[in-house]
Amino acid sequence: LLMSALTGGGGLLFGWAKPVPINPRYFRNPLKAMTITAAAGPLSNLLQMIFWVLLLKALAAVGFYDKFVISVCAAGISVNLMLMAFNLIPIPPLDGSSIIVPFLKGKALANYYRLQQYAMPILILVLYLLPMWTGIDVIGRYFDVTVYPLAEQLLNFAIAGI
């Protein structure tokens, strides 16, 4: 909150990101537009990740092997992949929550909307309290089977031949 006040923003900060206020009443088709808007964040992370992979591949192809530059590219790949995967989790306020809504119908959609009011406590529980109390890191395990193997494959692809 202090950081938000110092930067002239308002509202709650989650991590270092501040939720972008979106008013669905401005959209012609609110459900479709909200889905597209929510997909923009993870898509931008995907595009940035691809940029870093291609840059690293190009540098490796011309024989540029500076450790610092390779580390920066590797960080760009990993961080953007982590942010994309994290934001695709279908719990509000994460983008995945808006992306999943068009696929839910009837009772599932009604239950999902009921669950939204508890989303922030659930997210805090999953991110902080569950690992602290039980040692079970759900996000870490999710990354273990998704992000880390994919990041390793992308890095191997980009630096093949070094």
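Q: Which helix does Leu154 lie in?
A: Leu154 is part of helix 8, residues 147-158. Helices here are DSSP runs (H or I, at least four residues), numbered from the N terminus. Keep in mind that this is a predicted model, where local features need pLDDT of at least 70, side-chain atom pairs count only at pLDDT 80 or more, and totals for chains, interfaces and linings use all residues. Residues are numbered from 1 along each chain as its sequence is written, and side-chain values use heavy atoms, with hydrogens and water left out.

Q: Is Leu154 buried or exposed?
A: Leu154 counts as buried because its relative accessibility is 17%; buried means under 20% relative accessible area (1.4 Å probe, protein chains only).

Q: And what does Leu154 touch?
A: Leaving out residues up to four places away in sequence, Leu154 touches Met49, Val53, Ile77 and Leu81, contact being heavy atoms within 4.5 Å.

Q: Switching over, where is Asn80 found?
A: Asn80 sits in helix 3, residues 67-87. Asn80 counts as buried, at 6% relative accessibility.

Q: How do helix 2 and helix 3 pack?
A: Helix 2 (residues 30-61) and helix 3 pack at about 160°, with axes 8 Å apart; axes are lines fitted to C-alpha atoms over the stretch in contact, and angles run from 0 to 180 degrees between N-to-C directions. So helix 2 is roughly antiparallel to helix 3, a label for angles over 145 degrees.

Technical notes:
Helices (H or I, at least four residues) and strands (E, at least two) are DSSP runs, numbered from the N terminus. Buried means under 20% relative accessible area, exposed over 50%, partly exposed in between (1.4 Å probe, protein chains only). Angles under 35 degrees count as roughly parallel, over 145 as roughly antiparallel, 65 to 115 as roughly perpendicular and the rest as oblique.
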